[in-house]
Amino acid sequence: MGHNQESGGRRLDRRRFLTAAAIGGATIVGASALGGLDAEAAFAAPMPSLDPAIRAAFAEGRVVAVNRGVLDVAGSHGERHLIQLTNATSVWKLRTTTAEAIESGDGLYARGVTMPDGTIAADAVWVNIVNVHCTIRGIAKDRLHLAHGNHELVGRIVPATTTASYLGGALTSDLSRMRIGQTAQVLGAWRPADNHIDIARLTLGH
Amino acid sequence: MIPVVSALAPLVCGLLLAPAGAGKLFGRHTSRLAANTVLVRVLHGSRRATLALRVLGAAELALAAALLAAPTTVVPGAATAALGLGFTGYLAYSKATAPESSCGCGARAEGPIGARSFIRAGLVLAGGLAAATADTTWWSEVSGHPAASLLFLLVTAALLPAVSSDLDHLWLLPVRKARLRLFGNPLPSSAGVRVPVDASVELLEHSLAWQAARPVVRSALLDHWDDEGWRVLRYAGTYPDPHGTRPVSVLFALDLTASIDTAPSPAVRVSLVDEESEQVLPADALALPTAP
């Protein structure tokens, strides 16, 4: 416990320091439409690497073990990956999180660079991510009933996390505008325990 | 057993098994259905799983025919009960070993194994047991006690949609829609909600600041926090200097309340902080726009 509090305190101190640095930064005003690196990028076509000399590597599978920042991953087609997490690895598990949130049994997509020893140094890891187009079949206080083809799904609303975008508008926590029968793109994290989906983002009306 | 139940059980079981069996045996989607079941793993291949489902469909059809044609013999009823028991065991096994798989029980619907699947299997078991004890044929029961028979059949028919998801669109969806119309949408509305972090990231990624910082940024969002009206987003980056490439934190600070709807061209503050020395680096590494 003591250790946690200590590192939590240090983290807060560091955040305060970084806030001061951030607010003191150069101000840039303007707008430009550019794609992102967020969770949806997990499903985008492999992006060209920032450095043309480095080829992006992709890995997908189930986490078998987590060992000091290295994920042992069994791929869906029998292959094995060792994925090295670095201090520049972004980890997504329903929301932006840290490597501690990764558990064995989780499914993941990882993008990174293959190192000489065969491990993949990951720049992004998306844990249990699912992205489905479905129809809203029911709306309850804490969940949506969804139909994906003939498949029934339960999507859970996660307070302070689930967001929606209507007709291309900004992401909002206002979820009251969806209707039964509407089609939605659901981005979320699969829950191995009950096979439900924790919803990160709903895109409606496209 | 109550006479009307046991006498009519062969009729009900036969009428239920016939379409389920025919759907599996002749259905065009049987192979797709089989692909999602635990059978694929148990039988080592989706072709064998498809074959198994088709054989099961044929058995269900044969049982249905036997139940309807020879309702007073024990064997079809006992076989139906055994089928129900088998379903229950199979569901329990699937649920325990592969909860994400579809049960493949209905002819059409796929879905996770839930209470409905178990109730359905249990009803097959109970129906089979009742059918095995039938001592009058269903046709003589119907002609002998038409009112009681009709009531029993109506009750069974009413139970059917509750245990089968195939009919949900007929009753469950209208019920849910009516409930929303009566009680309103239970989900949170726009009143007093804060701007989600994802919306700030979206806003940032549409900004010139992001475009300017992209050559430096080497990660997706690593951390974020709110402080005094600002939302700070931290990314990892690299900064070239004469001694090589240094790891830096790329920090963006933007208005906590802004989104692409309210502030399409936001003011964004960008800073680079050296990861090791914690020095704030000059912003000349950013591809800042030159003044027009």
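I began with the contact between the chains (heavy atoms within 4.5 Å): chain A puts in 57 residues and chain B 72 residues. The model is predicted; local features need pLDDT of at least 70, side-chain atom pairs count only at pLDDT 80 or more, and totals for chains, interfaces and linings use all residues. Residues are numbered from 1 along each chain as written, chains are lettered from A and ligands numbered from 1 in the order written, and side-chain values use heavy atoms, without hydrogens and water.

Next I looked up the buried area, the accessible area (1.4 Å probe) that two parts lose on being put together, summed over both. Between chain A and chain B it is about 5800 Å². Carbon and sulfur atoms give 57% of that.

Then I turned to salt bridges (a side-chain nitrogen of Lys or Arg within 4 Å of a carboxyl oxygen of Asp or Glu). I found two between chain A and chain B. One salt bridge joins B:Asp198 to A:Arg201, with the closest N and O atoms 3.7 Å apart.

Which elements of chain A give two or more residues to the side that touches chain B? I noted helix 1 (2-23) and strands 1 (26-29), 6 (95-97), 9 (129-139), 10 (143-148) and 11 (151-157). These are DSSP runs, numbered from the N terminus: helices are H or I of at least four residues, strands E of at least two. Helix 1 of chain A gives the most, with nine residues.

Last, I checked the domains of chain B, whose bounds come from an automatic or database assignment. Domain 1 covers 1-178 and domain 2 covers 197-286. Their C-alpha centres lie 59 Å apart.
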